[in-house]
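Welcome, and please take a moment to look over the sequence and the 3D view shown here. A short walk through them follows, one region at a time.

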Amino acid sequence: MNFQHIKALKELISSQKTIAIIPHKNPDGDAIGSTLALWHYLQNKGHKATVVAPNDSPKFLKWMPGAEKILNFEKDNSASKTCLEEAEVIFTLDFNHLGRVGQMTEYLEKSTAVFVMVDHHQQPADYARIMYSDVNMSSTCEMVYELISYLDDLDAITPEMANCIYTGIMTDTGSFKFKATTSNTHRVVADLMDKGAENTAIHHRIYDTNSPSRLHLLGCALNNMVILQEYRTAYITLSQEELDRFNYQKGDTEGFVNYGLTLEGICFAVIFIENKEEGILKISFRSVGDFSVNDFARAHFQGGGHTNAAGGKSDMNITDTINYFTSLLPTYKKELTA
Ligand code: 5GP
Ligand code: MN
């Protein structure tokens, strides 16, 4: 974050403001962790702050301190709209173009608030007056910690905030193992533990909440996995019928895509998940090494993200999507097998 933007942010929040804090649609641990941490911080500083999420969060994030105060644009529609209309400042966290907030996009586009972006995804759009974008950061949560550090205010981190920030770093780094995990990440995490983050309990609340039906759905997904050794690629499909059969709950497919990468020799893993209600397939892409799933998702599946983790969607049915996907692979054979 450059000096000018730090100065502008300090000035902006030096007097009491009405603030909306926005995570992306289908929020993950980093989106909810970062928005709630910032929410606690700004509330404690005397601002009137509200987190407005485009839709609901998965159950395994509901324990987070402040989660019960989040407005859900789908469910609390009129309160959410009022909040967006009244906001003098809008923080957008863990995403970097306004298309990532579903039905909320048009309300953000017409807002006259001062926009502040805090995000670590590639190719940020140009909508924020104050921008803190760093694609080398492990997570938006780590950036929220750094932001508070730039404001010379690390002592203001409460145990609640430490728990929120820890959660997002943990989930976005695959429990501190992905490439973006740096020595700084570990220093931040160490400080968060000193400030009250309950590391073991957080891990338990996020990862040890399986229902029998989720494990059965995982079994179905693994059974459906197709391995294309020639392209060092593995993909999974889950149809709406399969999701229904295993009583799919929001968040149940989190992490499934990573299993492909645990196969020896596989460097590109994909999961295609049918959503009949929205008439799309939601797609997650993961890679190890230099193959950029961000570029792949942008070029072919209306998405984006990071080099090794990205998302996108398809408007075609499963069969046509898979045919299209596999037809693309020969073009990438060199990169995939380098
Ligand atoms: P996931 O596959 O877990 O949904 O997302 C992986 C990464 O890609 C996350 O950082 C997420 O924010 C990003 N991402 C997921 N879906 C999309 C999308 O449709 N568009 C863009 N630009 N990024 C996405
Ligand atoms: Mn993130």
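Thr200 sits in helix H8 (residues 199-207), where helices (H or I, at least four residues) and strands (E, at least two) are DSSP runs, numbered from the N terminus. Between Thr200 and Val52 there are 148 residues in sequence and 29 Å in space, taken from C-alpha to C-alpha.

A few words on how to read all this. This is a predicted model, in which local features need pLDDT of at least 70 and side-chain atom pairs count only at pLDDT 80 or more, while totals for chains, interfaces and linings use all residues. Residues are numbered from 1 along each chain as its sequence is written, chains are lettered from A and ligands numbered from 1 in the order in which they are written, and side-chain values use heavy atoms, with hydrogens and water left out.

Now turn to ligand 1.

Some side chains come within polar-contact range of the ligand. A polar contact is a pair of N or O atoms within 3.5 Å; within protein, one must be able to donate a hydrogen and the other to accept it, and residues adjacent in sequence count only if both atoms are side-chain atoms. Arg286 has a polar side-chain atom 2.8 Å from an oxygen atom of ligand 1. An N or O atom in the side chain of Lys282 is 2.9 Å from a nitrogen atom of the ligand, and for His97 a polar side-chain atom lies 3.5 Å from a ligand nitrogen. Taken alone, ligand 1 exposes 490 Å², and the protein buries 83% of that; accessible areas come from the Shrake-Rupley method with a 1.4 Å probe, and for residues only the protein chains shown count as cover.

Ser287 is buried, with a relative accessible area of 4%. The side chain of Ser287 makes a polar contact with the side chain of Asn308 at 2.9 Å, and one of its polar atoms lies 2.8 Å from the backbone oxygen of Phe291.

Next comes helix H5 (residues 140-150). Is H5 largely enclosed or open? Because 9 of its 11 residues are buried, H5 is largely enclosed by the rest of the structure. Among the buried residues are Cys141, Met143, Val144 and Leu147. After H5 comes Asp152, whose phi is positive, near 55 degrees.

Cys141 also leads us to the cysteines. The structure holds 0 disulfides, a disulfide being a pair of cysteine sulfur atoms within 2.5 Å. For Cys164, the nearest cysteine sulfur is that of Cys141, 7.6 Å away. Cys164 is buried, at 0% relative accessible area, and Cys220 counts as buried at 9%.

Finally, visit some loops. Asp94, in the loop between strand S4 (89-93) and H4, has a positive phi of about 70 degrees although it is not a glycine. Gln302 also has a positive phi, near 50 degrees, and is found in the loop between helix H12 (293-300) and S11. Asp94 is buried at 1%, whereas Gln302 counts as exposed at 51%.

Notes. Buried means under 20% relative accessible area, exposed over 50%, partly exposed in between (1.4 Å probe, protein chains only).
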